[in-house]
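Here is a friendly briefing to read alongside the model.

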Amino acid sequence: MPLNRREFLKAAAATVTVITVPSCSEDRSPARTYAANEKVNVACVGVGGQGTVNRNELAPLSSIVALCDVDQGTLEKAAKNHPGAKLWNDYREMLEKQQKEIDAVMISTPDHIHAPAAMMAMKLGKGVDVEKPMAHNVYETRAMSKAAKKYKVATQMDNEGHATEGLRAVVEWVKDGAIGTVREVHIWTDRPIWPQGIKERPATKTVPPNLKWDLWLGPAPVREYHEHLHPFQWRGWWDFGCGALGDMGCHFFDSTVWALELEPPISVEAVHEGNSKETGPNWAVITYEFAARKGKGGNQEGKDLPPVTVKWYDGHKQPPRPEELEADRKMPPNGSMFVGDKGKILVADTSSARIIPESKMKEYKRPAPFIPRVAGHKQDWLEAVKGVRPAGCDFALYGSKLAEIVLLGNLAVRAGQKIEWDSENLKAKNCPAADEFIRREYRKGWEL
């Protein structure tokens with residue numbers, strides 16, 4: 001039978017695990033050095049869904065020594081593919097008790113666990129690769145960036161398109177001036193593909209016997225188990241996920257932020273339908289305004305770059321169809337469009353890009369590649385763990401900025417008004433009420 005709220009709270013309190021995290025100095029040395037062909041020992045936190053994809057990518061490249069999941073059935077299924085790995089339900093116990101064996105941690109959990117798990121791993125001197133978005137809120141992105149610097153560990157946000165040839169080519173085209181000066185970008189997705197616009201929680205249901213419910217909740221407020229949460233539909237619920245932006249924003253904003261060298265915006269404003277205290281909206285159109293800045297790469301080095309407007313569309317909303325697109329070509333369901341004063345670049349998903357119309361694409365003389373290429377996103381991170389170089393989406397160098405920009409769209413949705421953003425102080429200058437969405441409160445035992 002379902003536990004009532006009082007019984008659940010008593011049970012949760014009785015099962016709180018006290019974890020002691022050893023202190024680390026800012027001068028921490030790498031945990032170990034590696035022989036040329038030696039593999040990194042990786043622990044995987046969250047081993048189903050996207051965690052399965054990440055495990056399969058990491059398995060040939062590393063030694064997977066630990067698996068952790070709050071769903072015992074998922075954990076045991078994953079264990080069949082990694083017979084030498086130790087099994088855990090609580091990542092805190094795993095990191096405390098197996099820390100000497102673990103070099104790095106792959107985190108593929110729901111969004112609300114990303115920062116607590118990554119912070120503990122970094123404090124223990126472990127490299128971390130965290131699924132996108134790297135954090136549940138803006139404060140966490142900054143805290144994780146500072147921790148990466150302090151503990152000198154190899155980090156990465158796992159927006160895998162960043163490592164692809166296609167995305168890097170898009171960035172080069174924009175920096176090369178293929179469509180002139182860009183002052184406007186449109187980005188869109190067909191997400192959410194899970195329930196949103198829900199005002200009330202569904203009826204309480206019995207917790208599945210294989211699920212460690214209190215561990216699944218982690219830092220979030222206690223609630224009874226109900227439908228539309230585990231294992232997938234949590235994305236729409238604000239306590240656990242970051243909605244459509246959280247799912248796809250770090251993928252589709254990547255080329256824009258990189259190519260235009262954007263810093264956090266000066267303002268964000270959202271129009272939407274169906275947002276509630278519990279879940280994200282059915283659809284949203286969000287306008288970001290970015291200030292002028294100095295160029296730092298390619299032929300933009302030292303140049304004055306103009307202000308840029310970026311518009312995000314989800315829930316099957318899209319920008320107007322560009323007149324340059326041929327009649328027999330469709331707008332992609334997920335993509336972006338750079339608007340320059342000399343043309344437009346249309347990007348399907350993250351890296352399939354063409355200047356439109358096609359006649360202009362054929363006329364364009366592509367520059368010789370000037371952004372370094374990498375073998376793959378996971379390889380990039382593992383090489384960072386070994387000390388070769390920082391990964392492309394290293395928290396401190398790039399990942400936290402990208403995630404902050406994306407998550408500010410959710411802040412505008414939840415605040416219910418235009419946000420004037422003070423990036424230096426992590427404040428919505430015109431909306432003190434937004435503070436509760438910038439930084440959450442954490443349950444005892446789950447603090448950063």
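## Briefing on the predicted model

Helix α5 is largely enclosed by the rest of the structure, because 12 of its 13 residues are buried (under 20% relative accessible area with a 1.4 Å probe, protein chains only; exposed is over 50%, and partly exposed lies in between). Helices (H or I, at least four residues) and strands (E, at least two) are DSSP runs, numbered from the N terminus. This is a predicted model, in which local features need pLDDT of at least 70 and side-chain atom pairs count only at pLDDT 80 or more, while totals for chains, interfaces and linings use all residues. Residues are numbered from 1 along each chain as its sequence is written, and side-chain values use heavy atoms, with hydrogens and water left out.

**Helix α5**

- The buried residues of α5 include Asp-111, His-112, His-114, Pro-116, Met-119 and Met-122.
- After α5 comes Gly-125, which has a positive phi near 85 degrees.

**The parallel sheet**

- An open sheet is built from 6 strands in the order β3-β2-β1-β4-β5-β6, with parallel pairing (two strands pair if DSSP finds at least two bridges between them).
- Its edge strands, each pairing on one side only, are β3 (86-88) and β6 (155-158).
- On average, neighbouring strands of this sheet are turned by 20 degrees against each other, direction ignored.
- Strand β2 (residues 63-68) pairs with β3 in the parallel sense over 3 bridges, and Ala-66 has Lys-86 in β3 as its bridge partner.
- Helix α3 (residues 72-79) packs on the sheet and touches β2 and β3, its direction making about 165 degrees with that of β2. For such angles, axes are lines fitted to C-alpha atoms, for helices over the stretch in contact, and the angles run from 0 to 180 degrees between N-to-C directions.
- Helix α5 (residues 111-123) also packs on the sheet, touching β4 (104-107), β5 (127-131) and β6, and its direction makes about 170 degrees with that of β5.

**The mixed sheet**

- Here 9 strands form an open sheet in the order β15-β14-β13-β7-β12-β9-β8-β16-β17, and the pairing is mixed.
- The edge strands are β15 (352-356) and β17 (427-428), each of which pairs on one side only.
- Helix α9 (residues 243-252) packs on the sheet, touching β7, β9 (283-290), β12 and β13, and its direction makes about 135 degrees with that of β12.
- Strand β8 (residues 267-273) and strand β16 (residues 419-422) run antiparallel and are joined by 2 bridges; Ser-267 has Glu-420 in β16 as its bridge partner.

**Strand β7 and its partners**

- Strand β7 (residues 182-188) is largely enclosed by the rest of the structure, because 5 of its 7 residues are buried.
- On the antiparallel side, 6 bridges join β7 to strand β13 (residues 335-340), where Gly-335 stands opposite Trp-188.
- With strand β12 (residues 308-314), β7 runs parallel and is joined by 5 bridges; there the bridge partner of Trp-188 is Tyr-313.

**Where α2 meets α12**

- Helix α2 (residues 50-58) packs against helix α12 (residues 377-385) at an angle of about 65 degrees, with the axes 10 Å apart.
- Asn-54, Glu-57 and Leu-58 in α2 meet Lys-378, Trp-381 and Leu-382 in α12 (contact means heavy atoms within 4.5 Å).

- Not counting residues up to four places away in sequence, Phe-253 touches Ile-187, Leu-245, Tyr-288, Val-310, Trp-312, Leu-402, Ile-405 and Val-406.
- Ala-412 lies in helix α13 (residues 395-415) and counts as buried at 2% relative accessibility.
- Leaving aside neighbours within four places in sequence, Ala-412 is in contact with Val-268, Glu-269, Ala-270, Gln-417 and Ile-419.
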